[in-house]
Amino acid sequence: MTESSKPDSVGTRVIIGVIWMVLLKIAIRGLALISLTILARLLSPEDFGVVAMAMFVYAVLDSIAWFGFDSALIQNQEADADHYNTAFTFNVLFYSAVALLLVVLAQPAAGYYREPRVEDILYVMALGAFAFGFENIGTVDFRKHMLYEKDFQFMLSKKIIAFVVTIPLAYLWRNYWALVVGVLASRIGGTLISYVLSPFRPRFTLKKAGELFAFSKWLFLNTLFFSIRTRIAEPILGRMAGPTALGHFNMGYEISNMPTTELVAPINRAVFPGYAKIKNDLSQMRQGYLKVIGIIALVALPAAAGIGVVAPLLVPVWLGEKWLDTIPLMQVLAFSGALTAIMTNAGSVFLAMGQPRKLALLGGAYVVLLVALIIPLTKEYGAVGAAWAYILTSLVINPIQYGFLFHLIELNAMRFIAVIIRPVLAMAAMYGCVHLLIQWMTSTGMGLVIQLLIAVVFGALVYGLTALFLWLAAGRPPGAEVDLIERVWPVIRRRLPGG
């Protein structure tokens, strides 16, 4: 075993990867927040809703084409050039088929939604899908070999392209086409940049088709189910309530799930290669998983709850008065975001240990239950009913998924609970205190911006102090608190005067 492959070395590189991925998401989210703030003022909920209608069709087809070949290449530590070239060939073939299907389905989709604008949007998205199929498969090595700085550059560059294209067009056109063209520019630009950053030059071959499909067929199903799960409200709400209601729901869903998409997703992206390297050592896997889930709980749970509790202030200040119908949706979906945040890292463990089948079956169960709930609840309660369907489904599926996970890595449930209980209690204390504070401030006549700033600062203090007290009361056990103190405090101290 080489030094770079020792567990301690792998663990250190995983932590470094987490830091890089969090920095990436901070940068991306900074752009996204600026973009969303501007677009919410320039465009209407209807504009976002129309694009969301088309995005459901695109997302489902995209998930059909995405067989998870990049995950297969990362999980297989012995993959050679033929594996990479085969994956590239499949991507070209599959995404070319997606482009063709988008063209074929454009008119029927517009008819289903009773929204003719969807047709032209799907034609443009077809071009983006075709371009994406030619993206350089060599960029997988950025994650496989933990070259996180390059992965940072690659991912951020695509977001910058979307930003610099979408914002000026939104200002000039003031309609949904700015969003559509921004997505197209990001797809084409990302493909071009992939060949600049990676020296690998793919060729067409199908030599390793059998090996790749043996692993990726289950990833295909899992990706399909995940896409349906995140997008199923779009065809239902879009048809039942129209583009405006769908625009409010999608905005609420996006903001409420920021803790997952902006904090947890980069952590999962960073730790998966590390999990793959220690997949045969259950002791290391358990230790690594508990460390990661501790960090996720410590940072993502308060973020999710915080979004929900400050929604009455956040929406009018950030998005404007025309988005007020988003507030009750955010308050419900924030709890769905919290449940999702603490669940998603389990998927990285399943994949790293070569168990994509279990993940796909769980994903299928989630979709079946969600569809069974979302249709009647949406019919009865509208968009808020759809939001509650996500919470109820997670409450049923999460324990089942954890049961499979605990069995797979031989983890005692009490050890898991011991890791997340302090962040959960601190989150609950923060939510209750901030809720009472906002109720009091509402009667004072204080400006909304000031109320929001006070609520955010107060919530952070309550959460931080409560989490610290609980950690000290528990006898300073090893865990996420220790990891963050050891990693973050030296960085802060170096930046202090005289540090």
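**Aromatic contacts and a nonpolar patch**

Start with F458, which lies in helix α20, residues 448-473. This is a predicted model, so keep that in mind throughout. F458 is partly exposed, at a relative accessible area of 32%. Together with V449, I450, L453 and I454, F458 makes a nonpolar surface patch of about 420 Å².

Now the aromatic pairs. Over the whole structure, a search finds 16 of them. One is Y84 with F200, a tilted pair with 5.7 Å centre to centre and 50° between the planes. This pair links distant parts of the chain, 116 residues apart: Y84 is in helix α4, residues 81-113, and F200 is in the loop between α8 and α9. Y84 counts as buried, at 6% relative accessibility, while F200 counts as partly exposed, at 23%.

Another pair is F88 with F134, edge-to-face, with 6.5 Å between centres and 70° between the planes. Here, too, distant parts of the chain are linked: F88 sits in helix α4 and F134 in the loop between α5 and α6, 46 residues apart. F88 is buried, with a relative accessible area of 3%; F134 counts as partly exposed, at 27%. F88 and F134 also belong to one aromatic cluster with F130 and F204.

The loop between α5 and α6 also holds N136. Is N136 buried or exposed? N136 counts as buried, at 1% relative accessibility. Beyond its neighbours within four places in sequence, N136 contacts S194, Y195, S198, F200, R201 and P202.

Last, two arginines. R187 lies over the face of F132, 4.3 Å from the ring centre. The charged end of R174 sits over the ring of Y171, at 5.1 Å from its centre.

Notes. Residues numbered from 1 in each chain as written. Predicted model: local features only at pLDDT ≥ 70, side-chain atom pairs only at ≥ 80, totals over all residues. Heavy atoms only, no water. Patch = residues over 30% accessible without salt bridge, like charges linked within 9 Å, V, L, I, M, F, W, Y side chains within 5 Å. Areas by Shrake-Rupley, 256 points an atom, 1.4 Å probe, with all protein chains shown as cover. Salt bridge = Lys/Arg side-chain N within 4 Å of Asp/Glu carboxyl O. Helix = DSSP H or I, 4+ residues; strand = E, 2+ residues; numbered from the N terminus. Buried < 20%, exposed > 50% of the residue type's maximum accessible area, 1.4 Å probe, protein only. Contact = heavy atoms within 4.5 Å. Phe/Tyr/Trp six-rings, centres within 6.5 Å; stacked < 30°, edge-to-face > 60°. Lys NZ or Arg CZ within 6 Å of the ring centre and 35° of its normal.
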